[in-house]
Structure formats: structure tokens, C-alpha cells
Amino acid sequence: MLKKILLLAAVCIIAVSDSTASSGQTGVLLNNGLSMPVLGLGTWTMDDHTAEDSVYFALKNGYRLIDTARYYGNEKGVGNAVRRAIKDGIVKREEIFITSKILPCRNASEAENEINKSLASLGLDYVDLMLIHQPGYNDEESYKALEKAVKSGKVKSIGISNYYTPEDFERINSIAEITPSVVQNENHIYYQNTELKDYLKRYGVVIESWYPFGGRGHVREVLSDGTIREIAAKHDKSPAQIILRWQIQAGYVTIPGSTNPKHIIENISVFDFELSRSEMEQINRLNKGKRFEIW
């Protein structure tokens, strides 16, 4: 099968109207022509009840990107929050970008079933992005099921997660009719994976960062970094805000997770300042190629 012709040769940042106006948020144009907010809420480790409360609060305070997965076991809570926010007039469905993920399945039929279960759990007619959660047996067949879901309208965009090298990406891309739009990986100041990021530019593929603060057990270490704290003091911002701003300006989409209302608001309040080229370079130099997880 012939590959889908890319609509863009490179990723560009565009302003998103209406849906993110309250937070001043911007979006990234994916290689399929759709726009994805550059900052969202991650829901890993949340149960249904906590996810519902956190997602609803986030949507009420300007978030338009929400990330979940079949593996998280909280799609029902995420979906409840989305539908409640729509019912309450906070947001329209087309203004929200919902991401979920399926694990590699034994065959395409099983993967199709997982996609359908995801939509049923969310209580939504479609998701904006569906990812293969990690490499695994027959993940190529699972990816083909995602392509079928795009054609049927159940999924708008597709991609992969926890694929860290150009070779990992090409193993899926080589059998793809639809080029992945997003690769979601661990990315933070100590693991920037610029090799993959630079490689994916030729396809207009966006890297989305989970654990932008290093993840549980490492948040204190990352937020206490001297360079980050120094830059934060100059801008009168928190270290977390500096890291998120760096991610956005560096071209990543970022999805910090939080159940704390104060932190949820703090994390999205990063669109009223910019880091200088010198500050960006300082943070770029913090890269140690150091991952904290083994996904």
C-alpha cells in the first residue's frame, strides 16, 4: 500500500482559536492537518473518581488536551468528566483533544475490539488520538487496526508510545499506510532524546512528553535543578512552569499529570512569558540521556 501523502514537511506552531483562548494556549499542526494542543493533563495512576474530578477541573480552567489509556483503567472517569463539561457548557466536544492508548494485541481483530472498548468506556463517538501503548508482539497488526479506525471515523489521529529510536519508529512506519502523527515518550530535562526528535522532523511527527518532571520519585530532583531554579527566579515563575515552557518552545507536546487543583492551574499558566535563546540553550545542556522508567 502506498503511504499517505504528508500534508506538511515539518511541524509548525499555530494559534488555536476559541478552544484555548482562556489560557492563551497554542496548538501544534499534526502531519494529518489536525491541530493538537501543546499542553494537556496526564491521568496515569488516577482512578475513575479522581480522574473525573481532575479532568473536569482542568477543562474548566482552560485545558483542552486530556491523556488516558486502556491500561490506566480510568477511561470511564475521563469520559464522565468530558461529557459533564460539555453538558455544563464549559466546552464543546470538537474543542477537546482526547488521547487514549491500546496495548499490542495478538491480532488486528483483538485490537479493533480494544478500540471499541475504549470508546465505550469513554462514552464518546471518537477519540482524537489513539496510540499503541508500547512495543510488543504483533504491534504492527495493532497499528493496522488503528488505521482502520481512522477510516471508519472512530479515531482522528494515530501514533505510537514508548518507541525511542529511529529504528523503533521505522519498524512501524515501514508497514504503515498512515504515517504516525505522534510519538509519546518519556521526555524531560535529563532525557531530551534529540536524536529521535530531529529524525522525526522529516515526517512532521510530534513528540509528546510524559513525565515532563521526571515522574514519581524524581520530581524533587528535577524541580530542584540549579539551572531551572535560577531561570525560574528571573521570570518569577515556578521551576515546573519553566520546564513546561522549555518543552513547548523546544517543540514538544507535554502532558503533566496532577490531581492538585493548584498545580493543575500552575501548569497551564505558561503562555504569558517566553524563555530567551540563551535560557533555552542552558536547559538543552542539562540533557544527560538519563531515563527514569523502563517502558
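Predicted model: local features only at pLDDT ≥ 70, side-chain atom pairs only at ≥ 80, totals over all residues.
Q: How does the pair of Glu 230 and Lys 234 lie in the secondary structure?

A: Both Glu 230 and Lys 234 belong to helix α8 (residues 226-235), where they are four residues apart, about one turn of the helix. The closest N and O atoms of this salt bridge are 4.0 Å apart, a value to be read against a criterion of within 4 Å. Glu 230 counts as partly exposed at 43% relative accessibility, whereas Lys 234 counts as exposed at 55%.

Q: How many salt bridges does a search of the whole structure find, and which residues are linked in a network?

A: The search finds 16 salt bridges, and a network of them links Arg 70, Glu 75, Glu 114 and Lys 117. Within this group, Arg 70 and Glu 75 form a salt bridge whose closest N and O atoms are 2.8 Å apart. The two partners fall into separate accessibility classes, because Glu 75 is buried at a relative accessible area of 3%, while Arg 70 is partly exposed at 24%.

Q: Turning to nonpolar side chains, what do they tend to do in soluble globular proteins, and which residues have the most contacts inside the largest nonpolar core here?

A: As a general idea, nonpolar side chains in soluble globular proteins tend to be buried together. In this structure the largest nonpolar core has 88 residues, and those with the most contacts inside it are Met 36, Ile 189 and Ile 283. Helix α9 (residues 239-249) supplies the largest share of this core, namely six residues.

Q: Which nonpolar residues form a patch on the surface instead?

A: Trp 44, Tyr 71 and Leu 103 form such a nonpolar patch, and together they have about 270 Å² of accessible area. Leu 103 sits in the loop between β6 (97-102) and α3 (108-122), and Leu 103 is partly exposed, with a relative accessible area of 34%.

Q: Is Asn 162, a loop residue, buried or exposed, and what does Asn 162 touch?

A: Asn 162 is placed in the loop between β8 (155-161) and α5 (166-173), and Asn 162 is buried, with a relative accessible area of 4%. Residues up to four places away in sequence aside, Asn 162 touches His 133, Gln 134, Pro 135, Gln 184, Asn 185, Trp 210 and Trp 295. The side chain of Asn 162 also makes a polar contact of 3.2 Å with the side chain of Tyr 164.

Q: For backbone angles, what phi does Asn 193 have, and what phi does Asp 236 have?

A: Each is to be read together with the residue type and its surroundings. Asn 193 has a positive phi of about 45° although it is not a glycine, and Asp 236, likewise not a glycine, has a positive phi of about 55°. Asn 193 is in the loop between β9 (182-186) and α6 (194-200), where Asn 193 counts as buried at 10% relative accessibility. Leaving out residues up to four places away in sequence, Asn 193 touches Tyr 164, Asn 185, Asn 187 and Asn 287. Asp 236, by contrast, is exposed at 71% relative accessible area, and Asp 236 lies in the loop between α8 and α9.

How values were computed:
Residues numbered from 1 in each chain as written. Heavy atoms only, no water. Patch = residues over 30% accessible without salt bridge, like charges linked within 9 Å, V, L, I, M, F, W, Y side chains within 5 Å. Areas by Shrake-Rupley, 256 points an atom, 1.4 Å probe, with all protein chains shown as cover. Salt bridge = Lys/Arg side-chain N within 4 Å of Asp/Glu carboxyl O. Helix = DSSP H or I, 4+ residues; strand = E, 2+ residues; numbered from the N terminus. Buried < 20%, exposed > 50% of the residue type's maximum accessible area, 1.4 Å probe, protein only. Core = buried A, V, L, I, M, F, W, Y, C linked by side-chain atoms within 4.5 Å. Polar contact = N/O pair within 3.5 Å; in protein donor to acceptor, adjacent residues only side chain to side chain. Contact = heavy atoms within 4.5 Å.
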